Amino acid sequence: MRIHSGCGKFAARCLCTTRTRTADRDQQQSSEPARQEKMSFLFGNRSSKTFKPKKNIPEGSHQYELLKHAEATLGSGNLRMAVMLPDGEDLNEWVAVNTVDFFNQINMLYGTITDFCSEDSCPVMSAGPKYEYHWADGTNIKKPIKCSAPKYIDYLMTWVQDQLDDETLFPSKIGVPFRKNFMSVAKTILKRLFRVYAHIYHQHFDAVMQLQEEAHLNTSFKHFIFFVQEFNLIDRKELAPLQELIEKLTTKDR
């Protein structure tokens, strides 16, 4: 499949309509106090509405310290620097911390537009007319099923929650080793979380603009893309539904 021809107009519109407000809000976001510990650090205390319960990294853990490091680096406004592996740190642990945070970010973003994403408005899970996703988790649902976007996203976020809550897969205690398949599972989580971004951009960007959340969406997505690019966590073909937008959002930072 190839991305439909209307994506260029969509991407340009996304950037042009938000350029001024994005700059203003990014500046405001970067000054949000770091004490907002139970919220994703990209959002501060702006919104408490989430689709699923947020996943909190335990205070006092090494991963919590890594999250604080990420907050401080992100506060500088340099997203490329914010995703880089800190000196001397374990890659698995860094990917785990950021995967939890991206889950929380997307959880909040989708939570703001759930009223617009219904069985009627989104009878299939799609990212534009040429990209449709069917759900399978390989355990409870082995054969991919066609379902509405809200049902798909509910399956997806519940599945991610289960992975994040598995201490053998996402250990929070110092000294507990990561499983050998951790990186493979993390890649699958991030690939699936991308689909929620893609659905929001393609099907609900008007609602995002109506709610004046486009700056948060753009900043969160840009952060996500820089992270998965830095560590080659999602195949390029999986990013195709938003490839033009990715190019526009990231070109100026090269």
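Which residue with a positive phi follows α6?

Author: The model is a predicted one, and the residue you ask about is Q212, whose phi is positive, near 55 degrees.

Helix α6 runs over residues 182-210, which makes 29 residues. From the first C-alpha of α6 to the last, the helix reaches 39 Å, close to the 42 Å expected at 1.5 Å a residue. Helix α6 also has a bend of about 85 degrees, located at H204. An α-helix has 3.6 residues a turn, so residues three or four places apart point the same way.

The next helix is α7, covering residues 214-230. Helix α7 has 17 residues and spans 24 Å between its first and last C-alpha, close to the expected 24 Å. Of the 17 residues in α7, 15 are buried, so the rest of the structure largely encloses this helix. After α7 comes N232, and here too phi is positive, near 50 degrees.

Now look at the chain before α6. The loop between α5 and α6 contains both R179 and D166, which are 13 residues apart. These two residues form a salt bridge, and the closest N and O atoms are 3.6 Å apart. R179 has a relative accessible area of 35%, so it is partly exposed. D166 is partly exposed as well, because its relative accessible area is 26%.

D165, in helix α5 (residues 149-165), pairs with K55, which lies in the loop between α1 (7-30) and α2 (62-74), so the pair ties together parts that are 110 residues apart in sequence. The closest N and O atoms of K55 and D165 are 3.0 Å apart. K55 counts as partly exposed because its relative accessibility is 23%.

A further salt bridge joins E132 and K146, with 3.9 Å between the closest N and O atoms. This pair links distant parts of the chain, since E132 sits in strand β2 (residues 132-133) and K146 in the loop between β2 and α5, 14 residues away. K146 counts as exposed because its relative accessibility is 55%, whereas E132, at 38%, counts as partly exposed. The count of salt bridges in the model comes to four, and the pairs described here are among them.

How values were computed:
Residues numbered from 1 in each chain as written. Predicted model: local features only at pLDDT ≥ 70, side-chain atom pairs only at ≥ 80, totals over all residues. Heavy atoms only, no water. Helix = DSSP H or I, 4+ residues; strand = E, 2+ residues; numbered from the N terminus. Expected span 1.5 Å × (residues − 1). Bend = angle between axes of the 7 residues up to and from the residue. Buried < 20%, exposed > 50% of the residue type's maximum accessible area, 1.4 Å probe, protein only. Salt bridge = Lys/Arg side-chain N within 4 Å of Asp/Glu carboxyl O.
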